[in-house]
Amino acid sequence: MTTSRRQFFGQAAAVSAGVAMASPAVEAIAAAGPPGGAGLVEVAFKVNGERRKLSIDPRVTLLDALRERLQLTGTKKGCDRGQCGACTVHVDDRRVLSCLTLAATLQGKEVTTIEGIADGDELHPVQRAFIDHDGFQCGFCTSGQIMSAVKIVEEPAVRTDDQIREAMSGNICRCGAYPNILEAIKQAKGGER
Amino acid sequence: MHAFDYASPSSVADALKLAKPGSAFLAGGTTLVDLMKLDVMTPDRVIDVNGLPLKGIRLHTGALHIGALERMGDVAAHPVVTATHPMISRALLLSASGQLRNMASIGGNLMQRTRCDYFRDVTSACNKRLPGSGCPALTGINRGHAILGTSDSCAATHASDVAVAFVALEAQVVLRNKDGDRTVPLEDFYRLPGSTPERENVLGPGELIAEVVVPTLPWARNSTYLKIRDRQSYEFALTSVAAAVNLKRGVIQDVRLAAGGVGTKPWRLRQVEEALKGSVAVERTFADAAESAVDGARPLAHNAFKTSLLKRTIVRALLDAAGVR
């Protein structure tokens, strides 16, 4: 029996989920923690249309909540400092950095991640365009690139190549797939200008 | 990250009541969460102010009023702002990235901390982070540091772009505390480092920025914000200049100039403004006037280039704003 790359990563994710299970314990320590320390915060928000309720340490970022608590690992942790854009998601329909968003602040908000933009088996036009134009190499920044691009495609003021590059400057690609990312976004915006 | 209590009040009164020494207000989080991760900021209480009614962008009694919780991207795109104060819009659009501009608030932008690497590294000494510990930047790597307003304690630049435009436009900040409101010119809101670089502004403990008020200056429609940096996008300024020019038959009636990337706070260039008033708007005049911008500048080992870069940035910004290219 052969193991596909996807299956391998699925198994690897299960292992890392085991590691992630330590986090409630960390939270419990924090809850009982030092004077002035933090208790858990109850927060309810929608993720990809589904209601989710979490009891979390207020230090937990949306990025970690998505990956470690909600098993939505499509959103990637690049720099974890708001500098690379790999963790880009939509909150109330705006692209933001999940690594600098505390999950506790999301009461009543609607979060959309890379897992939530396709229509069933039908890819989002931006996802399709990234495949058509090979808009990635290693793929690590890709979910963030696509989440940014989905919003840029909707912005009528962003038209020229330079405007697209400027609008995408918060998403870094170490492989340097920028030319193909640009072509993908132009396709998703609808043809040549 | 150090542990903290979290509260999300829905009224300003409740937010001010929750504030205590060691607490921090959280708006967009793009500075605070970043610096909490680095242990540079270690509040034991975080008060989420995003539910407070400090929003709105409107023209009222001869001034543009911007609620402190308005997001950078929304202010930049607002039709009133682009029509009446284009340099504000320009300064915002040249800041950060689209994602950060969707998150960061105007009040938070004014409160952002310096990007000095020694400040951001808790293993380094830093008089701003740990008063009295010393300033490694003065003798270390200081290419990005300030040449104006520095002291023997600190040479960190103020990182905001829009604050430079606000200072040029003589904007005021409305500060709210338990006793009511007070209004302070933004230029005076910021303090020079002197021997107490840890005290960056005049905000009292538990005091909130409620709004920014920018007087309407009809001729400031001829304005620009020019930002020079190591890469074309998503980078802090080496130098920047906000410029607005009131021209009559080619002669400068009035002018506003402020600089970023060079000062320990947003730097109004009053002596350059005075030198320009009544002069003919040509490049030679601009260059002569720009000389006085660096009076009193104290370059460090790696940032002396900023003295000539600042003068050239002023000239180019004036050429753009006056439309005499």
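**Close-up views of a predicted model**

**View 1. Strand β1 of chain A and its partners.** β1(A) pairs with strand β2 (residues 50-56) of chain A in the antiparallel sense over seven bridges. Strands pair if DSSP finds at least two bridges between them. Helices (H or I, at least four residues) and strands (E, at least two) are DSSP runs, numbered from the N terminus. This is a predicted model: local features need pLDDT of at least 70, side-chain atom pairs count only at pLDDT 80 or more, and totals for chains, interfaces and linings use all residues. Residues are numbered from 1 along each chain as its sequence is written, while chains are lettered from A and ligands numbered from 1 in the order in which they are written.

In β2(A), A:Ile56 stands opposite A:Val41. Two residues lie between β1(A) and β2(A) in a hairpin. A:Asn48 in the turn has a positive phi of about 50 degrees. β1(A) also pairs with strand β5 (residues 110-112) of chain A, in the parallel sense over two bridges. There, A:Glu110 is the bridge partner of A:Lys46.

**View 2. The two faces of β1(A).** Side chains alternate along residues 41-47. A:Val41, A:Val43, A:Phe45 and A:Val47 point to one face and are buried (20 or more other C-beta atoms within 10 Å of the residue's own, with C-beta atoms placed from the backbone).

**View 3. Two domains of chain A.** Chain A is divided into domain 1 (39-116) and domain 2 (125-188); the bounds come from an automatic or database domain assignment. Their centres, taken over C-alpha atoms, are 22 Å apart. In domain 1, 13 residues are in contact with eleven residues of domain 2 (C-beta atoms, placed from the backbone, within 7 Å). Strand β3 (residues 88-91) gives the most to the domain 1 side, with three residues.

**View 4. Helices α12 and α13 of chain B.** Helix α12 (residues 283-290) and helix α13 (residues 305-322) pack at an angle of about 145 degrees, with axes 9 Å apart. Axes are lines fitted to C-alpha atoms, for helices over the stretch in contact, and angles run from 0 to 180 degrees between N-to-C directions. From α12(B), B:Glu283, B:Phe286, B:Ala287 and B:Ala290 take part. They meet B:Lys311, B:Ile314, B:Val315, B:Leu318 and B:Leu319 in α13(B).

**View 5. Chain A against chain B.** Here 27 residues of chain A are in contact with 22 residues of chain B. β4 (94-97) and α6 (161-167) of chain A each supply at least two residues of the chain A side. β4(A) gives the most, with four residues.

How values were computed
Contact = placed C-beta atoms within 7 Å. Buried ≥ 20, exposed ≤ 12 C-beta atoms within 10 Å, placed from the backbone.
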